[in-house]
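This briefing sets out selected structural features, grouped by topic. The sequence and the structure come first, and the notes follow.

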Amino acid sequence: MVTEFGLRLAISLTQIGAVMCIVVVTVLILTLAERKVLGWMQDRMGPMEVGPYGILQPFADAIKLFFKEDIVPAGANKLIFTMAPILCLIPTFIGFAVIPWGPNWTFEINGISVKPFVISDINIGILYVLAFASLAAYGIILGGWASNSKYSLLGGLRSAAQVISYELNVGLAIVGVLILSGSLSLVTITDAQAGWIWNWHIFALPAPQIFAFVVYVISVVAETNRVPFDLPEAESELVAGFFTEYSGLRFAFFFLAEYANMVLVSCVASALFLGGWHAPYPGTLMELVGLSSWSWIESTMWFAVKTYSLLFLFFWLRATLPRLRYDQLMRFGWKVMLPIALANIVMTAIAVFISQQIN
Amino acid sequence: MRSTSSTKRLSLSEWFKTITFYEILVGMKATLSHLLNYRPVTLQYPHEKRTLPDNYRGMLALLRYDDGTEKCVGCDLCEAACPSRVIRVVSAEVPDEPTKRYSKEYYMDMTRCLFCGMCVDACPVDALGMTREFEWAVYDKRQLHLNKQQLLAIGDRSFPVREKRLELQHPNVAFFNVAFNHVPPKPN
C-alpha cells in the first residue's frame, strides 16, 4: 500500500534527480563551451585533445579533479574549510526547485496533483531564490577566511562587499516585474507573459522592463563573480582569490557552484524577463500540428534557448571586457545601477497605476 | 545636470554613448566578428608541424665523408668559438700517420648550447652541421651530454648525402691535414 506521503516523496525525488542531472550536465557542457567560445573569440581553438574536437574535455577535467590530492593548509580552520564549498554549492542547487522548466501542467496521480515541470511551485519563489543566492556568499567568505591565506581572505572580503552591493540591485531590478505580474511565484510570473513576444516583461506594456533587464544582467554578472566583475578571484592580483588554497574535489565544488549559479541566474532571468518557457508566438507549433501532448518539448526547448543565450552572453562579456578596478565596481553599483533600478520601480509603479485607472 | 569633480562635463553624444554602453558594444562586436569569422592561428603542434626555414639551426651533429671517415680533424676551433663552452675536444694523432690528427674524444653539453652556429662557422673542414631536429626534450638532463658516437649518429641520420673527401673534390679546393703519400696525384 503506497501512502500519500510516500508517493509525494517518490515524485519529488524523481523530479529533484532529473533537475540535478540536467543542471550538472549543463555545467559540464558550460565548462567546455566557455573554453571553446572564449578560444574562438580570441582566434584560438580551445581544448582539442580529449575526444574529437575536445568534446570529452569536461570528463577529463572531472576525473583529474577527483583524483587530485586534497590539501588542507596548515593553520586553516578545518571545519569551516570543509564546509565552505558545500555551503557554496547547496544554496545554488536549492534555487532550481522553483524554476519552471516547461508548461504549467498538472497531473493527477492517485489523487495527488503533480506539476511535472517545476519541483515546487511556492508562492514566494523569486524571494526564495534571492535568499539562497545570498547564502551562497557565506560559502565564499568563509572559504576565504578559513584558508589562513591573505589572498583567500582578500578575495573573500571583496566578494562580501561585491555580493552585498549587487544583490541589492538584483532585488530592486526584479521589483518592476513583480509589480507587472502581481506575484512572487515564478510560475505565475511566467504565465503572465504568455502570447506574443511583446508580452514578455522585457517589452511588456505598460512599463517595458528593458532597463531592469540590463541592470539585472549586469548585477548577476557581478553576483556570480564573473568577468568583468571577477575581483574576488582576480588571478593577476590574488592568485585565485577565495579558492587559492582549495584543491581536488573541494575546488571542483566551488567550480560547480559558480557555473550552477550562472545557470540559475540565467534561468531566473529568462523566467522573469524573457517569457520563460513561452515561445515568441502564442501557443506552440506542436499544438498546431495536433501533437499537443508533445508541446512540452517545444516549450522546454524555448526555455533552454533563452537560458543558453544568456549564458553565451556571460562568455561573450568575458571574452570582451577587462576587469574593473574595485572603486569603479563600487561606484558603478551604487551610483549607476541602484538609481536606475529605483527609477525603474517608480516608473513601473506609475505606469501600472495609470493603466489600471484607465481600464 | 551637475558633474562630479572626478568626471568632466560630457557632451550630449558622449553622454548618449555612455548610457548605451557604446564602447562595450563595439568591443563585443569585435569579439563576435572573430567568433563568426573563425580562423584560428593555432598550430596543433604534435599533430601538425610548421615548415622550418631553410637556415634553421637545430641540433648539432658531426659529419662524415662519403667513405665513412670522420671529417673532424681535432683542431679545437669549435671549442674556441663556442660562447657557451658547450664543446670539449680531445685531439690526438692518427697512429700510423704522424701528420694527420683526429678528435679522439668529442663532447657536447647540449644543456648549455644556444644554437648560435658559431662552431659550424668556425670549422675549417665543415665537420659540424646543424640538423633540423628540435624535439630533444628528455627526462634526464644527462642524456643531453652527448659524446662523439652520438653526435656522429645524429649526423648520419640527418645528412644521408655525404660529401666526397676534400682531396677528391674539385682540384682547386684547398685542403690540409692530409697524409700526402696516400693522395692520388692531382689531375692536370
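Two strands are taken to pair if DSSP finds at least two bridges between them. On that basis β3(B) and β5(B) pair, in the antiparallel sense, over 2 bridges. The model is a predicted one.

- An open sheet is formed by 3 strands of chain B in the order β2-β3-β5, with antiparallel pairing.
- Because β2 (87–94) and β5 of chain B stand at the edges and have a single partner strand each, one side of each is left without a neighbour in the sheet.
- The antiparallel pairing of β2(B) with β3(B) extends over 8 bridges, and a hairpin joins β2(B) to β3(B) through 2 residues.
- Between these strands, Arg88(B) has Tyr107(B) in β3(B) as its bridge partner, while the bridge partner of Ala92(B) in β3(B) is Tyr102(B).

**Helix α5 of chain B**

- Helix α5 (residues 148–158) of chain B has Leu151(B), Ile154(B) and Gly155(B) as its buried residues. They lie on the same side of α5(B), because they cover an arc of only 95° around the axis.
- An α-helix has 3.6 residues a turn, so residues three or four places apart point the same way.
- Gln149(B) and Arg157(B), on the other side of α5(B), are exposed.
- The packing partners of the buried residues of α5(B) are β1 (60–62), β3 (97–109), β4 (128–130) and β5 (145–146) of chain B.

**Contact between chains B and A**

- Chain B contributes 13 residues to the contact and chain A contributes 11 residues.
- The side of chain B that touches chain A comprises 7 nonpolar, 5 polar and 1 charged residues.

**Nonpolar cores**

- The largest nonpolar core has 95 residues, of which Cys88(A), Tyr216(A), Ala269(A) and Phe273(A) touch the most other members.
- Helix α10 (residues 248–272) of chain A gives the most to this core, namely 16 residues.
- Not counting residues up to four places away in sequence, Phe273(A) touches Val177(A), Trp200(A), His201(A), Ile202(A), Gln209(A), Phe213(A) and Tyr216(A).
- Another core, of 20 residues, lies apart from the largest one; Cys72(B), Cys78(B), Val86(B) and Leu146(B) are among its members.

**Two individual residues**

- Thr307(A) is placed in helix α12 (residues 295–320) of chain A. Is Thr307(A) buried or exposed? Thr307(A) counts as buried because it has 25 C-beta neighbours inside 10 Å, the threshold for a buried residue being 20 or more.
- Leaving aside neighbours within four places in sequence, Thr307(A) is in contact with Val263(A), Ser266(A), Cys267(A) and Ser270(A). Its C-alpha atom is separated by 12 Å from that of Ala260(A), which is 47 residues away along the chain.
- Asp126(B) is located in the loop between α4 (118–122) and β4 of chain B. It counts as exposed because it has 11 C-beta neighbours inside 10 Å, the limit for an exposed residue being 12 or fewer.
- Leaving aside neighbours within four places in sequence, Asp126(B) is in contact with Leu63(B) and Lys71(B). From C-alpha to C-alpha, Asp126(B) and Lys141(B) are 28 Å apart in space and 15 residues apart in sequence.

Note on methods. Residues numbered from 1 in each chain as written. Chains lettered and ligands numbered in written order. Predicted model: local features only at pLDDT ≥ 70, side-chain atom pairs only at ≥ 80, totals over all residues. Helix = DSSP H or I, 4+ residues; strand = E, 2+ residues; numbered from the N terminus. Contact = placed C-beta atoms within 7 Å. Arc of directions from axis to C-beta. Nonpolar A, V, L, I, M, F, W, Y, C, P; charged D, E, K, R; others polar. Core = buried A, V, L, I, M, F, W, Y, C linked by C-beta atoms within 7 Å.
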